[in-house]
Amino acid sequence: MKSRHLPHPDLVLFNGKIRTFAADGSTCEALACAGGRIVATGTSDDIRRLAGPDTQSVDLKGRTTIPGLTDTHVHLSEKGTAEMELVDCRDFYTGVHSISDIVERLARRAAESPKGSWIVAHGSPMQDFRLQDKRFPNSHDLDRALPDHLVSVSFGAHITIGNTLALAAAKITRDTPDPAGGHITRDPQTGEPTGELHERAQLILKKVAPDFNYLQLKDGIVFALNQCLERGVTTVHDIVRYAEPVRAYQELYKEGRMHARVSILPRVIESMIESKSLIELGLITGFGNDWLRIGGVKMSIDGGITGRNACFYDPYEDDEHNHGIIRIQQDELDETVRKCHEAGLRCCVHAIGDRAFDMALDAYENAVQKSPRKDHRHRIEHMGNWLSTQERMDRMVRSGIIAIPNIAIGYYVGDAILDCVGEKRLTKAFPFRTLLKNGVIIAGGSDSPGYWPVDPLRDIAACVSRKMRWGDVWVPEERISVSEAFAMHTTTAAYVGFEENDKGTLEVGKLADIAVLAEDPFEIQPERIKDLKVEMTLVGGEVKYQA
Ligand SMILES: [Zn+2]
């Protein structure tokens, strides 16, 4: 038995198959927690003997128990309220298969909402391809079931559909010109708007639709964090763009309503937060406590892939004039990265296309050469999804840059990405075996919620089985083992959070962040790991979720 000499523990877990994820690969039957940390591990008999009259005892009944999981890239505070409030028409979350399924869900909400009020819903990106109807609903589809409400349904970030009353409220008519950077779809016969608004045209509708208030923002964060716990997630790295979520997190912590841990990554360009303010305040990575801390700063070089805005050297397959967009020029990127690097702020640079990868690597090499600093742990968000050439991998390793790939993107929309990026650039999609072999550090981030749920077990299953939601077993030679895939959400993720002394394994001295699973993920078919039930999640030695 390994233990610290302390009074009675607060909690003992016994009779389990506790996979510690320690470097020696050990398992144990039982562990004890006190003050939020693990104070002893060993056999059930040894650990139960430590229990005093006030100790809570949990019989694991032989179930497999693992360290709490981490998702290193989420937009949780930004999307949490929508998760809670909006009518859910997303096929990646629900059983929606057709326009009539969507309309039925909207009508159900309308039945409990006063006439003349707004019904706001969200669908999934590119859902038109997957709906039985092979198209998005139009305003007439929505009007038929909801003639007395204003309806707005968004499908991903690029398309929103309004019904007739909503279009009228936004004053969108046949005479409304397309705004710059946006497009109002019109009936080719009549010239009337069909309800489908693209890109910046969505803003005309969104401006008149109701927005969430601060209390809803806070409730949404609580809701989304609790959903994380249901999948065994005890830590997330959350990207924030303005002050309210940061304030909300601090208040929720004080109010005792934060049940999972958060590292915040303030976005500093195209954001309400400037790197200058953080640097002037003297904040460095790690500021905060075990529940809430600053994990670094985020910036985005190019756009997203679903809107064909990720920036590649070669154009998109289906649009020979489109290479995507660059949002930060190289000199601004270099300067921002260097200043943050020198100030002790870890950088997380979003780069999806290969041109953006190289810009990110240039900026990091420039900063590291000018001001050598060990242990900066800078990251490239979405690196490791594709186009990880030998040269890029070598540069990553040489400068100590971490890759944060997102297998969830491949799992959900890999087929659509194959269409627009093309087979040739994706022959080595999600090359995790190759990345690990070359010594590139990789940790898992899902970019959820919103498009799909936070669920590392799903991502782990995809890393091991390579079975995608759309049917293919994609690049099976890049499979990694179950323990390598779990490392992306435990030990390596803890390192990425500068928290390897506190998280990632179930060892004496570590935080008691623990997930109890219905089955052993190491002993079932890899594909089934995604369906594994999480039966209990503990954070800091307290049961925060129980199935
Ligand atoms: Zn993201």
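## Zinc site

Donors are N, O and S atoms within 2.8 Å of the metal (3.2 Å for Na, K and Ca), and sites may look incomplete because water is not among the atoms. In this predicted model, local features need pLDDT of at least 70 and side-chain atom pairs count only at pLDDT 80 or more, while totals for chains, interfaces and linings use all residues. Residues are numbered from 1 along each chain as its sequence is written, and side-chain values use heavy atoms, with hydrogens and water left out.

The zinc ion has the protein donors His73 (NE2), His75 (NE2) and Asp447 (OD), which lie 2.1 Å from it. Along the chain, the donors of the zinc ion follow the spacing H-x1-H-x371-D. His73 belongs to strand S9 (residues 69–74), and Asp447 to the loop between helix H15 (432–437) and helix H16 (456–465), so this pair ties together parts that are 374 residues apart in sequence. Helices (H or I, at least four residues) and strands (E, at least two) are DSSP runs, numbered from the N terminus. His73 counts as buried because its relative accessibility is 1%. Buried means under 20% relative accessible area, exposed means over 50%, and partly exposed lies in between, with a 1.4 Å probe and protein chains only.

The loop between H15 and H16 also holds Pro449. Ser448 and Pro449 are joined by a cis peptide bond, with omega of about -5 degrees.

## The parallel sheet

Strands of a sheet pair through backbone hydrogen bonds, either parallel or antiparallel. Two strands count as paired here if DSSP finds at least two bridges between them. Four strands form an open sheet in the order S19-S20-S21-S22, with parallel pairing. Strand S19 (297–300) and strand S22 (402–404) are at the edges with a single partner strand each, so one side of each has no neighbour in the sheet. On average, neighbouring strands of this sheet are turned by 25 degrees against each other, direction ignored. For such angles, axes are lines fitted to C-alpha atoms (for helices over the stretch in contact), and the angles run from 0 to 180 degrees between N-to-C directions.

Strand S20 (residues 347–350) and strand S21 (residues 379–381) run parallel and are joined by three bridges. Val349 has Ile380 in S21 as its bridge partner.

Helix H12 (residues 354–370) has 17 residues, which at 1.5 Å a residue should span 24 Å; the end C-alpha atoms are 24 Å apart, in agreement. The expected span is 1.5 Å times one less than the number of residues. Of the 17 residues of H12, 13 are buried, so the helix is largely enclosed by the rest of the structure.

Asp375 lies in the loop between H12 and S21. With a relative accessible area of 45%, Asp375 is partly exposed. The loop between S21 and helix H13 (390–399) contains His382, and His382 is buried, with a relative accessible area of 1%. Most residues other than glycine have a negative phi. Asp375 is not a glycine, yet has a positive phi of about 65 degrees; His382 is not a glycine either, and has a positive phi of about 85 degrees.

## Antiparallel strands

In a regular strand the side chains alternate between the two faces of the sheet. From strand S23 (residues 514–517), Ile514 and Val516 point one way and Ala515 and Leu517 the other way, and all are buried. S23 runs antiparallel to strand S8 (residues 64–67), with three bridges between them, and pairs with strand S24 (residues 534–539) in the antiparallel sense over four bridges. Ala515 in S23 stands opposite Ile66 and also opposite Thr537 in S24.

Strand S13 (residues 159–162) has Ile159 and Ile161 pointing one way and Thr160 and Gly162 the other way, and all are buried. Four bridges join S13 to strand S12 (residues 150–155), and the two run antiparallel. S12 and S13 form a hairpin with three residues between them, and Gly156 in the turn has a positive phi of about 70 degrees.
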